Amino acid sequence: MAKIGDIDVGDFPLLLAPMEDVSDPPFRALCKEQGADVVYTEFISSEGLIRDAAKSVMKLDIYEKERPVGIQIFGAVMESMLKSVEIVEASGPDIIDINFGCPVKKVVSKGAGAGILKDIDLMVKLTEAMVKHTKLPVTVKTRLGWDHDSIKIVEVAERLQDVGCAAISIHGRTRAQMYKGDANWYPIAEVKNNPRMHIPVFGNGDVNTPERAVEMRDTYGLDGAMIGRASIGYPWFFKEVKHYMATGEKCNPPTMEERIEAARRHLQMSIDWKGEVLGVFETRRHYTNYFRGIPHFKEYRMKLVTSDHSEDVFAAMDLIEKEFAGYEFI
């Protein structure tokens, strides 16, 4: 059984990765229903939090049905990170996660996210200070290194553990790779096989089929899988992985009726949380995967992703349900 601090997260837990404009409360709720063991918020700027920026503060919203839930923050300034810990703690999450892995230029240019991989000493100092500043378990999400020539993840993970990090999730790419090429899980396995390591080591990157999740568990010996892009518009991925792990067989994909119901709920929850404009806009990225595989679907997809009013999107869903009733997904 894997444990994050005192939180029992089960045998080989599946974690919903923190993804900007994706891992919001509506989507987290859907993933939780489909078997996600731990969910994380979108990453939140520490500078935004301490300045009370509306977008950052809004991301602190969490709900009982999500637990255990982690709030992820990023930054590179000690004072700001410690103040943000206090703000985050007041929101009542189960876990505080530090983002040391985001490769986006606007984050990295400030020395935050994966940018901190250029200064491992600061990475360790920030983690240690944050651990001491809260009673909640502090976890870290990071990458293998800044580039191929600076991969020291075994040493880095051990140092983070030694200052109190409760678990570590490692994306199997360097910052230089961004999201290109294949994720390399071998260095993550080296972290797990380090005899000094005793905290959970979760793998991330290219867990895009149930078989890959099993490979991460059985071949690489990791403690759990953090799932990102494979879940976008497809919260059933968690259920499918768990079914395959338990039976060795793939379960039937969700029906058209199940997909339509989930898409409708997703949109309505998003509107209820973000308002009409943002709710409609930020749910668009999910529709391609909700209905992936349907032939001659471009006309309907365009209705979903170009309509600015929810009534038009719901009308498009009604049309899809009527036109493709009984369609069998493979």
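**Before starting**

Residues are numbered from 1 along each chain as its sequence is written. Because the model is predicted, local features need pLDDT of at least 70 and side-chain atom pairs count only at pLDDT 80 or more, while totals for chains, interfaces and linings use all residues; side-chain values use heavy atoms, with hydrogens and water left out.

**The whole chain**

Display the entire protein as a cartoon. The protein contains 15 helices and 10 strands; these are DSSP runs numbered from the N terminus, helices being H or I with at least four residues and strands E with at least two. The radius of gyration is 20 Å, close to the 20 Å that the globule rule gives for 330 residues, so the protein is as compact as a globular protein of that length. This radius is taken over C-alpha atoms, and the rule is 2.2 Å times the number of residues to the power 0.38. Along its principal axes, the C-alpha trace spans about 60 × 45 × 35 Å.

**The barrel**

Next, select strands S3 to S10. Eight strands, in the order S3-S4-S5-S6-S7-S8-S9-S10, close into a barrel with parallel pairing. Two strands pair if DSSP finds at least two bridges between them. On average, neighbouring strands of this sheet are turned by 25° against each other, direction ignored.

Leu15 has Met226 in S10 as its bridge partner. Contact means heavy atoms within 4.5 Å. Axes are lines fitted to C-alpha atoms, for helices over the stretch in contact, and angles run from 0 to 180 degrees between N-to-C directions.

**The hairpin**

Select residues 2–4 and 7–10, which form S1 and S2 and pair in the antiparallel sense over three bridges. Ala2 stands opposite Gly10 in S2. Two residues lie between the strands of this hairpin, in which Gly5 takes a positive phi near 65°.

**Helices H9 and H10**

Angles under 35 degrees count as roughly parallel, over 145 as roughly antiparallel, 65 to 115 as roughly perpendicular and the rest as oblique. The crossing of H9 and H10 is right-handed. A crossing is right-handed if the near helix is turned clockwise from the far one by less than a right angle, and left-handed if anticlockwise. Show side chains: Pro210, Glu211, Ala213, Val214 and Arg217 in H9 meet Phe237, Glu240, Val241, Tyr244 and Met245 in H10. By class, the residues of this contact are seven nonpolar, no polar and three charged. Ala, Val, Leu, Ile, Met, Phe, Trp, Tyr, Cys and Pro count as nonpolar, Asp, Glu, Lys and Arg as charged, and the others, Gly among them, as polar.

**Helices H14 and H15**

Move to H14 (residues 298–306) and H15 (residues 310–323), whose axes are 8 Å apart and which pack at an angle of about 160°. H14 and H15 are therefore roughly antiparallel to each other, and H14 passes H15 in a left-handed crossing. Tyr300, Lys303 and Leu304 in H14 meet residues of H15 that include Val313, Met317 and Ile320.

**Asp37 and Pro68**

Select Asp37, in the loop between H1 (25–33) and S4 (38–45). Leaving aside its neighbours within four places in sequence, Asp37 is in contact with Val9, Pro13, Leu14, Lys32, Pro68 and Lys242. Pro68, in turn, lies in the loop between H3 (54–58) and S5 (69–74). The peptide bond from Arg67 to Pro68 is cis, with omega near -5°.

**Met178**

Finally, select Met178, in the loop between S8 (167–171) and H8 (186–193). Most residues other than glycine have a negative phi, and most peptide bonds are trans.
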